[in-house]
Amino acid sequence: SHRLAIHIWRRGCSGGLSEYCSSWEFTDWIIIGLAVVAVVMYHYTLDLLSGLQQLQAALPQFGLNSVFTRSSLEAALLAQGGLTLDAYQLQLGAALDQAILVARAHEDTRWYVSVLAAAMCARVFKAFRAVPRLNVITVVVQKALADLAHFVVVVICAFFAFAVVGHALFGPRLQEFSTLGRALHTTFLMALGYLFDDLRSSMYDAGGALSIVWTTAFQLLMVLVLMDLVLAIIFDTYSKVTAALGHAPSLLDQLRGVFLRGKSWAALLEDDDEVLQQEPVSLSDALRLCGRMDANLQSLAPLARQLAERASEWEMERAELFANFSDARADAAQVAGLAGRDVERRGASPALAAEHSELQAGASQRAHSPATRDEAAAVAPLPASEVDRLPPQLL
């Protein structure tokens, strides 16, 4: 619940719920709900059982081997509790109704407890997420659900078709196919490998050659093809998941890592114990040390600001140099393009030769200009006097 509150507080109501809700969180809430229902049903069953015991205690007690006629039973009832036969029948009917309620409540409690046990066993797979190699099966099932869902639709249609044909073919003579529900149940068991050997001769007697066609088509399509396709889908997803897993650590490697981390923590705790056993520092010494640290930090503050300003200047100068170099490179590329024109026309075109000479001279002048050299020389290290002022920790 606290995790849900944190998600809602961070993302809002809709965003927090969408981020929090997952299959495992849903399983946890199912476990909580089933646990509450199981406890309530248990106490409800105990309450019903207590009422049944009270009704049983109010009934007249007779021996197990006692045999009565109507008149003798009326006399015995009058002798024990002064009851009439009609009143005794009413009390006996109430006790029987209470016993039926107890039996139903007991069955319901067993059902809820069984589902709760299954959900708690399924929650074990949630712990496998900590070990990638153990989490492979869970990931495979989750990723294969989409393909399996579409495939199940095809299987159900084919399965229903075989059940309908079996009901029409064998229903008049075989009880296992007498109704559509029984035909579906029998066909499902036959797909799992049951009942076929027991019904083979009876099916042949009922359907003749058509029974052979039905059986052959059922075994080839449902048992061999479709079931193998299910395995193919799962194996394909498994191969993709294991390929994406890579060289994930095994369970033994993780246990070894946990053991080594435990040893390192134990050594760290032992070091802390040794430090605590040393001579304690007085309050005055601690305050004196804090004062010295504050003074050192205050003396370093101007130098830190100066270093930050110098770093920003260096960044600006570097950007200007890169811009000048880019311009020079563009001029050189333009000169090279002009020089690569047709060699035969070079002498016939005085304007092209003049343009070529002008651009080449401009590129050379820009590359060797004093301004460019001054800009490059401006990026110099700190003077020796400023380096001496730096503390040893920054050097």
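**Notebook: an all-helix chain**

I started at Leu-195, which sits in the loop between helix 7 and helix 8. Helices here are DSSP runs of H or I with at least four residues, strands are E runs of at least two, and both are numbered from the N terminus. Before going on, I noted that this is a predicted model, with local features needing pLDDT of at least 70 and side-chain atom pairs counting only at pLDDT 80 or more, while totals for chains, interfaces and linings use all residues. Residues are numbered from 1 along each chain as its sequence is written, and side-chain values use heavy atoms, with hydrogens and water left out.

**Leu-195, continued**

I looked up the backbone: phi of Leu-195 is near 70°, a positive value in a residue that is not glycine. Most residues other than glycine have a negative phi. I also got a relative accessible area of 29% for Leu-195, so it goes down as partly exposed. The cut-offs are under 20% for buried and over 50% for exposed, with partly exposed in between (1.4 Å probe, protein chains only).

**Whole chain**

How many helices and strands are there in the chain? I found 14 helices and zero strands. Of the 395 residues, 21% count as buried. Then I checked contacts, meaning heavy atoms within 4.5 Å. Among those between residues at least 6 apart in sequence, 66% join residues at least 24 apart.

**Largest core**

Next I went for the nonpolar cores, each a set of buried Ala, Val, Leu, Ile, Met, Phe, Trp, Tyr and Cys residues joined through side-chain atoms within 4.5 Å. The largest has 22 residues, and those with the most contacts inside it include Phe-170, Met-190, Trp-214, Phe-218 and Met-222. Helix 6 (136-170), helix 7 (180-191), helix 8 (196-207) and helix 9 (209-245) each supply at least two of its residues. Which helix gives the most to this core? Helix 6 does, with nine residues.

I clicked on Met-222 and listed what it touches, leaving out residues up to four places away in sequence: Val-155, Ala-158, Phe-159, Phe-162, Ala-217 and Met-227. A second, separate core has seven residues, among them Leu-59, Leu-77, Tyr-88 and Ala-95.

**Rings**

I counted aromatic pairs and got eight in the structure. Rings of Phe, Tyr and Trp (its six-membered ring) pair if their centres lie within 6.5 Å; planes under 30 degrees apart are stacked, over 60 edge-to-face, and the rest tilted. Phe-162 and Phe-218 are edge-to-face, at 5.4 Å centre to centre and 75° between the planes. Phe-162 lies in helix 6 and Phe-218 in helix 9, so this pair ties together parts that are 56 residues apart in sequence. Phe-162 is buried at 11% relative accessible area, and Phe-218 is buried at 0%.

Trp-214 and Phe-218 make a stacked pair, 5.3 Å centre to centre with 5° between the planes. Both lie in helix 9, four residues apart, about one turn of the helix.

Neighbours within four places aside, Thr-237 is in contact with Val-140, Lys-143 and Ala-144. Gln-98 is in helix 4 (residues 85-122) and counts as buried too, at 15% relative accessibility. Beyond four places in sequence, I see Gln-98 touching Leu-48, Gly-51, Leu-52 and Leu-55.

Helix 2 (residues 23-58) has 36 residues and spans 52 Å from first C-alpha to last, close to the 52 Å expected at 1.5 Å a residue. That expected span is 1.5 Å times one less than the number of residues. Buried residues in helix 2 include Trp-24, Asp-28, Leu-48, Gly-51 and Leu-52.

My last stop was Phe-62, in the loop between helix 2 and helix 3 (70-80). Phe-62 is partly exposed, at 25% relative accessible area. Apart from residues up to four places away, Phe-62 touches Phe-68, Leu-73, Ala-76, Leu-77, Gln-80 and Tyr-88. From Phe-62 to Gln-80 I get 9.8 Å, C-alpha to C-alpha, across 18 residues of sequence.
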